[in-house]
Amino acid sequence: MRSRTLVPVPEEPLTLDAVLTDEAVLSTYRRMFAALARDSGAVVDDPALVDIAETLFSAFAEAGEEWLTHEQMRFACRAYPADQFDNRLRVLKGLGAVREVFPKPNQLRYRASFTSVVGLMFIRRMMSDGGQSEMHRLLALEDLNVADPRTTMEEARQSAVNLARAFRLWALELITLTTGTIEELREQAPKLWGTEEIARRAQGLHGTILTRWPELDRVCTDLRAAIYAYSDASRRAAGRLADSAGTTRNLTLLPTETWRTFAQTASRERLAAVLDGFVFDAPAPWHDPAAIARAVDEAPRPAPAQPTPPRSHLPDPGPDSALDSSPDAAAERLREVAESLLGDGSRVALADVLGDDWPSARRVLADLTTVDLRPELPYRLAWSDGLTIDPEGEPSWLSHGYLERT
Amino acid sequence: MTSTDHSGAVAHVRARAGGPLWLDAGVPAPAGMVRLTRPDATGQALPVWPDGVTPSLLEEYQVAPVPVERAGETRRVLAAVLKCCWADLSVDPWPGRPAPVELVLDTYRALIGRTDDLMRNWAIGALRRLHDSAWIVMSDGVVVLGPRCALWPVESHAQLQELVRRLPEPERPELTVVRDADIVAAAESAPEGAGGRVEGGAPEFGDVLGAYDERRRAELVAAYMAVEHAAEPVQEVRFAALRDPALRHTLGEMLARRGRALIQHRDRWTSGFDDAHARAATTYEPLTRADGEAGATVPDAAPEAAGEAVAGAGSPDHHGTASGDGSLPHHGTSIDAGSPPGHRTVAGDGGGAGRGRHAAETGLGVSERAVLTLVLVHSVAIPRAEGLLPEDSWLSPHPTPVDELRRHTQLPIGELEAALRGLRHAGLLSQVKAGEEAGGYVPGPQFHRLTPAARRRLQEELILAAGPSTPLAAAVRARRSAQTREPRG
């Protein structure tokens, strides 16, 4: 057998919401088993404990006739802490949900009880809808029962009495909700859904019993009264919800799926009927004369097509070939320019070397500035504060400066 | 309130919800409306504003008016229509004379200097929006100025004249099969095709406003225009007539005469249809001519066109044109095909005119109402049920994806596009753009204008429709039947 390591499951941070959800689940558990519990602390205090039982049962189902050893059970529940697992196993064994395969000492293999598994399924279903669909199933079963020729009158009477009791208690719970806070009512509202159908089924059942055993008249009257009380209480609770102020709050009372189904399956006419009788403004934007004039002024003008500059029709290779693009060529040219200006001297005034036409002077100045900016060339420009102004000459403004050899 | 007051308010509700009202020959316009009388003495009635102001007053108060879709383009197209239809600048622009749609398009083309098909499609979209909002009337490839053009104040006509003069004349090659002059002549020969005069139009607030000095009166009028025409509810502190309870009371009286009521959202105010008048308007017998009397071209009012557009979109022959701006026919098809789907050809179709006017009463067409319901379910009800929408409001930050509307509903796609366009134009839906794929539609600013009773009724109607067999729906029905049984006037 390969060796396995147990990896601790990271604990989820305990939020207030999680605590509240757990508490709601636990309170349902407690209520469901109140009738069976020996003392008030007898029901689990952590919903995870029920998950352990469920995990165990599914492991038993997979194991089949191999049954399970203690180690295998522990392995199936490896996601849960050891102490929780031990606690659960002890209780399940004690109550007979998990038993030895053969009742003899040192028995190492265990089996699960079918009754407990069915019980757990029932618990899970009760959890998901508060017992409402159980009531549906119960009514359907009872309906089959009373129609069965083997059913005795006593059985039918018992069935009617039980149902009457259930409906009375349900009605009482709804009445309490109706008189309680609106928030609580809104929260518990899902218990109200489908009540019409339950009442109808119950009335059907009542009718069957009464037709078959007219003697049960008195019990049936009780059942009928209980059903009416229940329908009435649910209508009143819903009425209070409908009356509760708010513009869109009651929309929460229909589950998302109902809304989606409506949106996806309703015909065009059914959708439109929702807004029958509502009046909305017709589109009536105002186009002010000033705004119209502004819009015309701001009209996007197409960019005028720009004419291409005229080109010579003769072939013109351009100065491309004349350019020496080798890396040292530029530096060499600048050195030649500087040397030609300096001649033998180490220093020459700019005023002497610039010609008297601006285009050529400009070119020389540009070259000299480049020379000055290249540290690898041994020439510098030195400027002084002097300035010669000669309106007739060219350039008419000339800063005094020197080209120096360094 | 006297019964005449009442019917006046109901008429105003109908005009606001359905565009200009049709009046039979000789029937005067309700108080507070201008009568646009046609040569055959029938006419249309359109509300006017107190003290000669227009909604452009909002600019002075820096309050955003209801946004205009593609405003620049729409107004340039309106300028082109004006250039074509306002032949005699020495008289008022309305009614002007009919002009062929193609001439308008050529004028617009000369104005913006573009000639591509995209520009043409945009221009046709703008024409359709102008038609839907009664600024122009388009039928049979002919355009005339719509009733709303009669609301331009006389002082502003000089500005419009100057504008029309400087618009460039289109260069028109004589290629069209039918000459412009023939189209115009045909349109003018129709009994209602051209001509008309503006009558009346004194706003009816004289007695209410007369008690106030100049400054207060201006404050009242400003607040009136702000609550009636601003896109969103306006802040109380910005308007003296909203801050001062006495002035606010007078403002409420002014609004009541138009079938409106003040609606408060914390420290902001807007106006909406008052419940009683809104109910009356949906069941009210109108002042219009008898159905079937008209035998020729009827220049349609706005919502009628919207209703027809929706109805027409379902039929195969309208399908192509109704499915969106981009799919309009290209240049070179006939003028009639190029005209938008919102408009109908009514020669000899008196029943059609009657139907159209009936649609005007309710405002929105079936598809539009269906799409609006779907958006309310997806943007409000579902987020609400999932606890994602804390605010108790019909506005929502959760967009309904267009894909959801397109794929997971029973609505034909062609109707969907036309309905979305109409609802967007009316401010009932706002488009939310987010990235490439995301985004969609949320309920528009008009949902600010529902009264508390209307909000609540909307909630109830949705519950009745989506969960008709729930006890909640049963409770709603029970309460309603109890209310109707109680004596109510």
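Over all chains of this predicted model, 10 aromatic pairs were counted, a pair being two rings of Phe, Tyr or Trp (its six-membered ring) whose centres lie within 6.5 Å; planes under 30 degrees apart count as stacked, over 60 as edge-to-face and the rest as tilted. One such pair, formed by A:Phe278 and A:Phe280, is stacked, with 6.5 Å from centre to centre and 20 degrees between the planes. Both A:Phe278 and A:Phe280 are buried (under 20% relative accessible area, with exposed meaning over 50% and partly exposed in between, for a 1.4 Å probe and protein chains only). Ring pairs also link A:Trp286 with B:Trp49, B:Trp135 and B:Trp152 in a cluster.

In chain A, the charged end of A:Arg78 is placed over the ring of A:Phe75, 4.3 Å from its centre. In chain B, the charged end of B:Arg70 sits over the ring of B:Trp122, at 5.1 Å from the centre.

Strand 2 of chain B (residues 33-37) has five of its five residues buried; strands (E, at least two residues) and helices (H or I, at least four) are DSSP runs numbered from the N terminus. From this strand, B:Met33, B:Arg35 and B:Thr37 point one way, whereas B:Val34 and B:Leu36 point the other way. Strand 2 pairs with strand 3 (residues 43-47) of chain B in the antiparallel sense over five bridges, pairing requiring at least two DSSP bridges between the strands. These two strands form a hairpin with five residues between them, and B:Ala41 in the turn has a positive phi of about 75 degrees. Strand 2 is also joined, by four bridges, to the antiparallel strand 7 (residues 197-200) of chain B. The bridge partner of B:Arg35 is B:Ala45 in strand 3 and B:Glu199 in strand 7.

In helix 12 of chain B (residues 275-283), the buried residues are B:His277, B:Ala278, B:Ala280 and B:Ala281. These residues lie on the same side of the helix because they cover an arc of only 160 degrees around the axis, the arc being taken from the directions from the helix axis to the C-beta atoms.

Residues are numbered from 1 along each chain as its sequence is written, and chains are lettered from A and ligands numbered from 1 in the order in which they are written. Local features need pLDDT of at least 70 and side-chain atom pairs count only at pLDDT 80 or more, while totals for chains, interfaces and linings use all residues; side-chain values use heavy atoms, with hydrogens and water left out.

Note on methods. A charge sits over a ring if NZ of Lys or CZ of Arg is within 6 Å of the ring centre and within 35 degrees of the ring normal.
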